[in-house]
Amino acid sequence: MPTAPLDDDTTPPYPVGLRLAGRRVVVLGGGVVAQRRLPALLNAGADVVVISPGTTPAVQAMADAGELRWEQRGYQAGDLAEAWYVMIATSDPQTNAEAAAEAELRRIFCARSDDASAATAWTPASGRAEGAVVAVLSGDPRRSVALRDAIVSGVRDGALLAAHHRGRTAGVALVGGGPGDPELITVKGRRLLAEADVVVADRLAPRELLDELPPHVEVIDASKIPYGRYMAQEAINNALIEHARAGKFVVRLKGGDPYVFGRGMEELIACAEAGVPVTVVPGISSSISVPAAAGIPVTHRGVTHEFTVISGHVAPEDPRSLVNWDAAAKMRGTLVLLMAVERIGAISAALVAGGRAPETPVAVIQEGTTAAQRVVRATLATVAETVEAEGIRPPSIVVIGDVVALAG
């Protein structure tokens with residue numbers, strides 16, 4: 001039977017779903033393209049190795065969190081040994097060609113961001129709806145995205161609709177992306193994200209949603225990595241204003257809710273003073289959704305009549321602290337602490353000193369609502385050493401109170 005030549009890029013691809021759990025995947029390059037593709041690989045359980053001299057802050061955060069391994073150097077021959085799949089996304093055409101040649105020699109399927117015609121695998125435009133993954137391959141990224149959007153919208157709306165036609169005017173939308181699970185963003189938030197020309201995204205925003213963006217959308221990484229690289233708030237404000245003034249529709253994608261320790265009002269004020277119209281889309285706050293994902297209700301009849309959400313980014317003894325920790329200690333209800341895991345020792349000591357019982361149950365939930373969610377339980381007396389021993393790191397939510405004991 002006649003076959004097409006190996007370099008014939010007119011031959012249609014064979015669609016297949018790769019089961020990569022526990023299997024080595026090599027990603028060459030640590031820029032925005034890799035940042036968009038990595039979440040799907042991590043969700044698939046792949047053993048991901050990123051090889052790149054540098055990365056975006058978001059990719060670095062994935063490495064710091066232990067989600068992947070980052071080898072801080074350029075590509076070398078032999079790097080693809082034992083790999084099941086390779087994604088090439090560097091800015092050096094020669095490096096890309098050499099790595100693709102090694103993949104061909106080793107018979108490893110390889111996707112290339114710079115030259116799809118030279119790749120042996122294409123990354124589809126993918127989306128998620130009603131528990132299904134929709135993946136579209138057409139050879140034209142824009143057409144694939146349009147078809148993907150139409151199918152996903154049709155599934156969500158109950159009917160297959162025509163591809164979405166953008167009609168947004170210039171301005172800014174402050175969109176709460178929810179606690180991490182991409183399915184927990186609001187319908188309005190997802191719709192506005194699909195209409196964006198520019199997306200300014202935090203590290204805590206649902207990463208998988210960036211992978212669904214059309215290739216022409218500009219993604220600005222506003223990751224604020226604790227004690228690492230960050231984009232100053234003033235620079236974020238300026239980016240929103242400048243792109244909106246250039247006639248673009250800008251989505252500021254945040255984790256949780258824009259107004260719950262999210263600096264959303266600061267950004268709204270900056271845009272309003274610059275004459276830029278702003279739409280605010282509330283999001284599901286991690287303060288209630290993450291405990292729920294861990295089986296912990298923040299309120300329960302007969303147990304507590306209130307819950308209090310507190311930012312723990314400043315230690316109790318710090319003169320900048322605006323929290324009355326003595327008053328918080330005397331409350332009988334649930335305390336939910338955000339940005340507190342790195343100061344939990346000082347905070348728990350302050351609560352005990354203020355009168356809260358040392359045996360009060362505590363839960364610490366890391367990466368809540370995501371595939372990497374972890375939950376550890378302790379008491380006020382033991383939570384600091386438990387966090388240290390378990391290697392808990394941000395982003396984490398701390399829940400203090402008798403409701404913690406309700407979660408079996």
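Biologist: Let's start with a pairing: which residue forms a salt bridge with lysine 254?
Modeller: Glutamate 267 does, with the closest N and O atoms 3.2 Å apart. A salt bridge here is a side-chain nitrogen of Lys or Arg within 4 Å of a carboxyl oxygen of Asp or Glu. Lysine 254 lies in strand 11 (residues 249-254) and glutamate 267 in helix 8 (residues 264-273), so the pair ties together parts that are 13 residues apart in sequence. Helices (H or I, at least four residues) and strands (E, at least two) are DSSP runs, numbered from the N terminus.

Biologist: Before we go on, what kind of model is this?
Modeller: This is a predicted model, where local features need pLDDT of at least 70, side-chain atom pairs count only at pLDDT 80 or more, and totals for chains, interfaces and linings use all residues. Residues are numbered from 1 along each chain as its sequence is written, and side-chain values use heavy atoms, with hydrogens and water left out.

Biologist: Back to that pair: is lysine 254 buried or exposed?
Modeller: Lysine 254 counts as buried, at 1% relative accessibility. Glutamate 267 is buried as well, at 0%. The cut-offs are under 20% relative accessible area for buried and over 50% for exposed, with partly exposed in between (1.4 Å probe, protein chains only).

Biologist: How many salt bridges does the count come to?
Modeller: The count comes to 16. One of them pairs arginine 69 with aspartate 47, at 3.2 Å between the closest N and O atoms. That one links distant parts of the chain, since arginine 69 is in strand 3 and aspartate 47 in strand 2 (residues 47-51), 22 residues apart. Arginine 69 is partly exposed at 41%, and aspartate 47 is partly exposed at 32%.

Biologist: What about arginine 148, which side chain does it meet in a salt bridge?
Modeller: That of aspartate 149, at 2.7 Å from N to O. Arginine 148 is buried, with a relative accessible area of 1%, while aspartate 149 is partly exposed at 22%.

Biologist: Switching topic, what does the domain assignment give?
Modeller: Domain 1 (24-123), domain 2 (127-157), domain 3 (171-283) and domain 4 (287-406). Such bounds come from an automatic or database domain assignment.

Biologist: How far apart are the C-alpha centres of domain 2 and domain 3?
Modeller: They lie 23 Å apart. The contact (heavy atoms within 4.5 Å) takes 8 residues from domain 2 and 7 residues from domain 3.

Biologist: How much area is buried between them?
Modeller: About 730 Å² between domain 2 and domain 3, with carbon and sulfur atoms giving 52%. Buried area means the accessible area (1.4 Å probe) that two parts lose on being put together, summed over both. The salt bridge count between domain 2 and domain 3 is 0.

Biologist: Now helix 2, is it covered or open?
Modeller: Helix 2 (residues 57-64) is mostly covered, with 7 of its 8 residues buried. Among the buried ones are Pro57, Val59 and Met62. The cover includes helix 1 (32-43), strand 3 (69-71) and strand 10 (218-221).

Biologist: What follows helix 2?
Modeller: Glycine 66 follows, and its phi is positive, near 80°.

Biologist: Speaking of backbone, where is the cis peptide bond that joins two prolines?
Modeller: Between proline 394 and proline 395, with omega about 0°. Proline 395 sits in the loop between helix 12 (383-390) and strand 17.

Biologist: And serine 396, where is that one found?
Modeller: In strand 17 (residues 396-400). Serine 396 counts as buried at 6% relative accessibility. Leaving out residues up to four places away in sequence, serine 396 touches Leu337, Met339, Val341, Val364, Ile365 and Gln366.
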